[in-house]
Amino acid sequence: MTLVAVSKTVPIDRLRAALAAGHRVLGENRVQEATAKVPALAGPGGPAWHLVGPLQANKARRAVELFDVLEAIDSVALVARLDRLVGELRSGRRLPIYLQVNVDQDPAKAGFEPGDLTAALAAIGRPRNVELTGLMTVGRVGAGPEDARPTFRRLRELSEQARAAAPALGPGLSMGMSDDFEPAIEEGATVVRVGRALFGERAAGTP
Ligand SMILES: *Cc1c(COP(=O)(O)O)cnc(C)c1O
């Protein structure tokens, strides 16, 4: 399992300390913020970077240049654009991506509707340059971690159904954050994205 240390809003000196403490994978939710951080920590012993937040089409090129994994891809058109850009910019190195699924059909969240996933995968087909590593979701925020469990269980079921129809989709499941990574792991997470539990609370007003 991969632990992504979600480092949004955390300054670079604290990220160096996280690397010294053994973290190898950092996550950002904004391309803009990563533009400053990624080059500052590049080099031997540098981290792998995951984009965990939504990606706008006009930032796709920059994201392909900066990140090692893109986790919150939410449209067929964006997959096609990324496939073209990766072919252009990464000379044969495929880029792993996760398709975000809005399991709870929450209007405040991004992602494919569960019922649209199979058709979306059929439209995506077998991309040459991006690797469809798996699915990603954000759990329901409730009174406690258990409130998110049904979302995680449903993502695993959706993954099994989708892979039966679309073998290009891998078995990865990115799910679980500071408040709900335990049920996520129990439900089969292969990636957890943890920010506050590692770095402390973010300043009020930041995402
Ligand atoms: C911020 C963020 C996280 C980490 O959230 P914490 O509650 O700090 O653990 C995980 N995933 C996404 C998509 C995020 O935006």
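Student: What makes Gln-100, Val-101 and Thr-151 lining residues of the largest cavity?
Tutor: Lining residues have an atom within 4 Å of a cavity point. Gln-100, Val-101, Asn-102, Val-103, Asp-104, Lys-109, Ala-110, Thr-137, Val-138 and Thr-151 line the largest cavity. The model is predicted, so local features need pLDDT of at least 70 and side-chain atom pairs pLDDT 80 or more, while totals for chains, interfaces and linings use all residues. Residues are numbered from 1 along each chain as its sequence is written, and side-chain values use heavy atoms, without hydrogens and water.

Student: Why is this called a cavity, and what is its volume?
Tutor: On a 1 Å grid over the protein atoms alone, a cavity is a set of points where a 1.4 Å probe fits but cannot get out. Its volume is the space filled by probe spheres set on the points, which are joined across faces, edges and corners. The largest cavity comes to about 30 Å³. The structure holds one cavity of 30 Å³ or more.

Student: How do you know the class of each lining residue?
Tutor: Ala, Val, Leu, Ile, Met, Phe, Trp, Tyr, Cys and Pro count as nonpolar; Asp, Glu, Lys and Arg count as charged; the others, Gly among them, are polar. By class, the lining has four nonpolar, four polar and two charged residues.

Student: What makes Arg-62 and Glu-65 a salt bridge?
Tutor: The rule asks for a side-chain nitrogen of Lys or Arg within 4 Å of a carboxyl oxygen of Asp or Glu. The closest N and O atoms of Arg-62 and Glu-65 are 2.8 Å apart, so the pair qualifies. Both residues lie in helix α3 (residues 60-66), three residues apart, about one turn of the helix. Helices are DSSP runs (H or I, at least four residues), strands likewise (E, at least two), numbered from the N terminus. By the salt-bridge rule the count is 14.

Student: Why are Arg-149 and Glu-187 called buried?
Tutor: Buried means under 20% relative accessible area, exposed over 50%, partly exposed in between (1.4 Å probe, protein chains only). Arg-149 has 16%, so Arg-149 is buried. Glu-187 has 4%, so Glu-187 is buried as well.

Student: What does the pair Arg-149 and Glu-187 tie together?
Tutor: The two form a salt bridge, with the closest N and O atoms 2.9 Å apart. Arg-149 lies in helix α6 (residues 149-165) and Glu-187 in the loop between α7 (181-186) and β8 (191-194), so the pair ties together parts 38 residues apart in sequence.

Student: Is Asp-179 buried or exposed?
Tutor: Exposed: its relative accessible area is 52%. Its salt-bridge partner Arg-196, with the closest N and O atoms 2.8 Å apart, has 25% and is therefore partly exposed.

Student: How do you know that Arg-196 is near the ligand?
Tutor: A residue is near a molecule if one of its heavy atoms lies within 4 Å of it. Arg-196 is among the residues surrounding the ligand, which include Lys-8, Met-177, Ser-178 and Arg-202.

Notes
On a 1 Å grid over the protein atoms alone, a cavity is a set of points where a 1.4 Å probe fits but cannot get out, and a pocket is an open set with protein on both sides within 12 Å along at least five of seven lines; lining residues have an atom within 4 Å of a point.
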